[in-house]
Amino acid sequence: MLPSAVIAVTALYVGALFWVAHWTEKQGQGRSGRAWIFGLSLAVFCTSWTYYGAVGTAATGGWDYLPIYLGPALVFAFGGGFLKRLLEVGKRHHVTSISDFISSRYGKSQRLGANITLIAVLGALPYIALQLKSIASTYAVLTGGLESASRQNDLVLVIAIILAIFAMAFGTRHPDVTRPNAGMVRAIVVESAFKLAVLLLIGALSLWLLFAGGAANIDAVAVANALPDQGVFSTEQLDLRFVSLTLLSMAAIVCLPRQFHVLVVEATDPKHLVGARWVFVGYMVLTAAVVIPITFAGLHNLPTGVAPDLFVLMLPMEAGQTTLAILTFLGGFAAATGMVIVSSVALSVMVTNDLLFPFFLKGLDAKTEGETDLARKQRSLRRFTILALLGF
């Protein structure tokens, strides 16, 4: 596929996101707090790893892919009381980040908040880089490697700059950090719905390849080499390691900075949590379920040697479904960019409040500056931090 066509479609998609965010901000906050919007915004949890990598893990490790979906689903299905309490406490104390929340439980310890922020930044930066790398690698596959690695890196740099502009425009729109960013949230909701819809289409294609159009073309040798005697999914994989990974993912759904941000900071009304919980659980169930047919279709129908992480993209390409292949790329793009945008906004709040602003205040006279001027300076620092994070 021509690189120019892929870039043009991607540009249209990004332009649509800007329009959605801008239109939502113009409409005001009234329609931005519905339960289904809240629930879909939580699906920013599903990054490019869950979009591409879950199938790769399933193809090589069977049920090892499942804990990352199972843990969050269990928390939201059975931890309603805990989540409600978390949200109510966060709103009551005007919490701005996960570091603010934890430090507030220990007397607003500045040192504790700074340490949490440093750990979060060091943990998130490689993951942000991984999201941008996934865009470059899938772009190379979709275009058949027609462009050099340097051109691909240039594209990623441009995307990072555009995402920084989006995060600054719609994630730091208000000086008050606790005020929800309706435009950013609505854009994330659109991305969440889009990437799930594309995955379901790939799942439908996979079922068709397995049971209708592609069954006669299965390479028996490739299948024999790919599938262990017990099959890809074995009950023996449901061991202590599986339980440990599930527990880790249960913690991640509330401890990751971006997840805490959309769950607590961006929430408009705790009452919407009841419906949002089940929207998110349904999202996790559908996403986890569709991995299985895609995995088998990839193992059965794709040539030997194709990286399992690319099954999602390669299936429509090998089937000659060009439009679906482009949509698949955009779905992965949505999964990556949603994570990058929300993470950069959440981390910018933490870095500004816990690392930069305390030192910045030492050189200012708070009485002469006034709260409004300080809030504006704080917003400028958040924007600078976003640029620094994505430029790093």
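C46 counts as buried, at 3% relative accessibility, whereas C255 counts as partly exposed, at 45%. Those two cysteines make a handy way into this predicted model, in which a search of the whole structure finds zero disulfides. Welcome to a protein of 392 residues, with 16 helices and zero strands.

**Overall picture**

- The secondary structure comes to 16 helices, with zero strands to go with them.
- Of the 392 residues, 53% count as buried.
- The protein exposes about 17,300 Å², and carbon and sulfur atoms supply 65% of that area.
- If we take contacts between residues at least 6 apart in sequence, 84% of them join residues at least 24 apart.

**Cysteines**

- C46 is called buried because its relative accessibility is 3%, and the cut-off for buried is under 20%.
- C255, at 45% relative accessibility, is called partly exposed, because that class lies between the 20% and 50% cut-offs.

**The nonpolar core**

- In soluble globular proteins, nonpolar side chains tend to be buried together.
- Here, the largest nonpolar core has 115 residues, and Y65, F76 and L263 are those with the most contacts inside it.
- Helix 15, which spans residues 322–362, gives the most to this core, with 16 residues.
- L263 is worth a click in your viewer: leaving aside its neighbours within four places in sequence, L263 is in contact with F38, L42, F76, L83, L86, L87, V254 and L273.
- One of those partners, F76, is itself listed among the residues with the most contacts inside the core.

- L157, I161 and I165 make a nonpolar surface patch of about 270 Å².
- I165 lies in helix 8, which runs over residues 149–171.

**A backbone angle to look at**

- Most residues other than glycine have a negative phi.
- H94 has a phi near 55 degrees, a positive value in a residue other than glycine.
- You will find H94 in the loop between helix 5 (80–92) and helix 6 (98–104).
- H94 counts as exposed because its relative accessibility is 53%, and the cut-off for exposed is over 50%.

Terms used:
Residues numbered from 1 in each chain as written. Predicted model: local features only at pLDDT ≥ 70, side-chain atom pairs only at ≥ 80, totals over all residues. Heavy atoms only, no water. Patch = residues over 30% accessible without salt bridge, like charges linked within 9 Å, V, L, I, M, F, W, Y side chains within 5 Å. Areas by Shrake-Rupley, 256 points an atom, 1.4 Å probe, with all protein chains shown as cover. Salt bridge = Lys/Arg side-chain N within 4 Å of Asp/Glu carboxyl O. Helix = DSSP H or I, 4+ residues; strand = E, 2+ residues; numbered from the N terminus. Core = buried A, V, L, I, M, F, W, Y, C linked by side-chain atoms within 4.5 Å. Buried < 20%, exposed > 50% of the residue type's maximum accessible area, 1.4 Å probe, protein only. Contact = heavy atoms within 4.5 Å. Disulfide = S-S within 2.5 Å.
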